[in-house]
Every structure is written in C-alpha cells, then in structure tokens.
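Please look over the model shown here before reading the notes.

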Amino acid sequence: MTAYDGWMTRIAAVHGVLPEHRYRQREITDALATMCLEGAHDETRERAVLERLHATAGVRTRHLVQPLERYAGLDGFGAANDLFIEEGVRLAERALAAALDEAGIAPQEVDLVLATSVTGIAAPSLEARLAGRLGLRPDVKRIPVFGLGCVAGAAGLARVHDYLEGHPDQVAVLLSVELCSLTLQRADTSVANLVAGALFGDGAAALVAVGRHHPRRQEFSGPDVVSTRSRLYPGTERALGWDIGDSGFSIVLGAELPELVRLHLGEEVRSFLAAHDLKPDGVAGWVCHPGGPKVLEALQETLGLGPDALELTWRSLAEVGNLSSSSVLHILRDTLALRPPPPGSPGLLLALGPGFSSEVVLLRWQGGGDR
C-alpha cells in the first residue's frame, strides 16, 4: 500500500491578507537608515552595508502594519506588543473570515484552531480574542503556538493534519499572524539585524482543512495532505531565532544558514520523498518558504531544481518580503490560483525555522484518484 491509497486530510481553502501600508524597498531603506544609523560611530560605512543588503535581498515592496513614519516613535517592547495584539486580531479576523467564506464553512463548524506567531505575545492568545468576534463555538479547541518561527506555516499544517487523522469528520483551521516590522531593533546595527530589516514584512494567513470522513470533503478542490516529517538538526540552535531582552525580540541569524541548507535539506527531502517512491524531479509543485535569496539558491542547488520550480516563492519574496510563518501559506494560495499542478500529481510544501529545523509536507493535488 502506498501513501496515495485511501482518503486523506483535504485543504478546503487558503487565504492570505496584508496590511494596507505598502512601500517600495528604497523607501524602507531610507527610513531605516534614518532611524537606526544616524549618529552611529561609522555611519557612512554602515549606510553602505545597509544599502548593499537591501539591494540584494530580492525584495521590491513590502506591507507594514503601520505607516512607515510611525516606527521612529514606537517606544519599547510594551508599545510594540500592544500594537501587535490590536492589529494582529484585525488581520487574523480578515484572514480567517475570508478563508471560511471561501470554503463555505460557518465559524461554528470549526472544531480546532491552531494559531501561530513569533512576532508578538498575547494572553489571552489571538484566536481566543477573535473567537467571539467571528462566532467560533465556545468549546472550540485552541492551540496557540509560539517559537516555531518561519517553519510554523508548514509545521502548523502538519499538526492540523495530525489532529484530523484522529478526528476525521471534523474541521480544523491554521491561523498565522506575523507582524515582523514590530520587532525592529533601532539600536542594533549588526549585520543580522540589517539583513532582517531588508527581508521581513507583515501579513497573515488562514487555512481551512477537513478530515477524510467530513461529509463535504469531496466538494473541495484543494490538495490532500499525504504525509509529513519534522526534523531538528543538533548543534544548530544559534543559527536562527530570537534573543529576547528588555527591548523585545533581537534576531539571531547565522551566516551559516545557507550552508546548513546544503548540508541537511537535500538528504532530508530526498529520503522523505523516497519513502513514498518519489524523487525531486517527480514533484510537480514546490511550495517553499522564502527564507532569503541565499537560502533559496542553496535549496535549488541541493535539490537540483530547475529555474522555474520556485518561481512563485521568488515572486512572493519580491512582492511582500519574508512573512515568517505566513509566507508559505501565501505561496500555497498563489500556487492554487496561478499554477496548480496536474491532478493527482505530488507536491511538496517546505519551510525552515529556529532549531535549526525543517518541516516537509507531501501533498497530492486534487483529482486522479479518490475525490
């Protein structure tokens, strides 16, 4: 028996949203230079580094949760986190309401919400604050997740799938809200912080999935989740993540990250695919998190992917930047809308995160088998 036998978790809808404030990369570069570098010990040299990092980030435009000129007045972690809660709930409501509407599923039909973010802290968590506004049931099961970072879009889908395997007649939702701009560290002129300032944007996304015995499963045209794999790579804890202090979240972003991708990801993905009698050249659709140009180049190289395989990932990076856990869901939405693979063919959804960790999700595009 192969992993393609039998019915599986089906994705019913995916919806991504962005804040209204959109800026060209040049505008953000100039603003950050003013906020972060004025009065620096060697302002000219650091401005040159900032300019180079922003120019080579592969990003043309980004969306921010507040107007660019307001970031200079954002005073301290508490103020930033208050804004995260206020604006995060609004974006979450937009994303989840639209995803449920696209699926034709009422809020009270949702049995589980897994909500993830790594750019703010809330207790009650965002999905709890959203429940009454949206009409979720009082007994809805909730799993708020913090700490998975960029990998959480893929890991969240995998954990939703795990839940639905045990509750195959139910509805589960993955909700991602990432307001990366609110983590800005104005006093930090390290290369890691300047790289983060060149890459990350703000956004949210929601995914609705149903179990294999859900009565309406056959109506939905999204892909099936076939299998998943989680992996932590020992000795890489300082490659990616946060240092958390009085001023909030300070990025940990090791220069060795592309090399770690070359060292681990090729073997990881190949062994995962081999367990399902597949090879990378047999994957019809690649849905990959846009970690940054060097990471994407390393991924393409180690997997031997053609120039078009990650086209939608590169496009997402250019148009909205890296949205942390929300990015891979935006790219899945774009894949479904713009470049759906042939029915019945395999796809792979892949993301990387702190740990250093990876999560891979094998998809089967709908059709060519059970419906």
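**Notes on the model**

1. The largest cavity holds about 40 Å³ of space. A cavity here is a set of points on a 1 Å grid, over the protein atoms alone, where a 1.4 Å probe fits but cannot get out; lining residues have an atom within 4 Å of a point. Grid points are joined across faces, edges and corners, and a volume is the space filled by probe spheres set on the points. The structure has one cavity of 30 Å³ or more.

2. This is a predicted model: local features need pLDDT of at least 70 and side-chain atom pairs count only at pLDDT 80 or more, while totals for chains, interfaces and linings use all residues. Residues are numbered from 1 along each chain as its sequence is written, and side-chain values use heavy atoms, with hydrogens and water left out.

3. The lining of the largest cavity consists of C288, H289, V295, L296, L299, L350, A351 and L352. Helix α8 and strand β12 each give at least two residues to this lining. Helices (H or I, at least four residues) and strands (E, at least two) are DSSP runs, numbered from the N terminus. Seven of the lining residues are nonpolar, one is polar and none is charged. In this count Ala, Val, Leu, Ile, Met, Phe, Trp, Tyr, Cys and Pro are nonpolar, Asp, Glu, Lys and Arg are charged, and the others, Gly among them, are polar.

4. The largest pocket has about 620 Å³ of space. A pocket, unlike a cavity, is an open set of points, with protein on both sides within 12 Å along at least five of seven lines. Its lining has 27 residues, and V195, L199, L253, P258 and K294 are the ones nearest the centre. At least two lining residues come from each of α2 (43-55), α6 (191-199), α7 (257-274), α8 (293-303) and β12 (346-353). Helix α6 gives the largest share, five residues. The lining divides into 18 nonpolar, seven polar and two charged residues.

5. The domain bounds come from an automatic or database domain assignment.

6. The second largest pocket has a volume of about 520 Å³. It is lined by 34 residues, with C180, T183, A196, F200 and W242 nearest its centre. Elements that each supply at least two lining residues include α1 (25-37), β3 (61-64), β9 (240-245) and β10 (248-253). By class, the lining has 22 nonpolar residues, 11 polar and one charged. Domain 1 and domain 2 each give at least three residues to this lining.

7. S176 sits in strand β6 (residues 171-179). With 0% relative accessibility, S176 is buried. Buried means under 20% relative accessible area, exposed over 50%, and partly exposed in between (1.4 Å probe, protein chains only). The S176 side chain makes polar contacts with the side chains of S325, at 2.7 Å, and S326, at 2.6 Å. A polar contact is a pair of N or O atoms within 3.5 Å; within protein, one must be able to donate a hydrogen and the other to accept it, and residues adjacent in sequence count only if both atoms are side-chain atoms.

8. Two residues other than glycine have a positive phi and may be worth a look. S324 has a phi of about 55° and is found in the loop between α9 (311-320) and α10 (327-338). D277, with phi near 60°, is in the loop between α7 and β11 (285-288). S324 is buried, at 3% relative accessibility, whereas D277 is exposed, with a relative accessible area of 67%.

9. The bond from A123 to P124 is cis, with omega near 5°, and P124 is in the loop between β4 (112-116) and α4 (126-134). Another cis bond joins G355 and F356, with omega about -25°; F356 lies in the loop between β12 and β13 (357-364).
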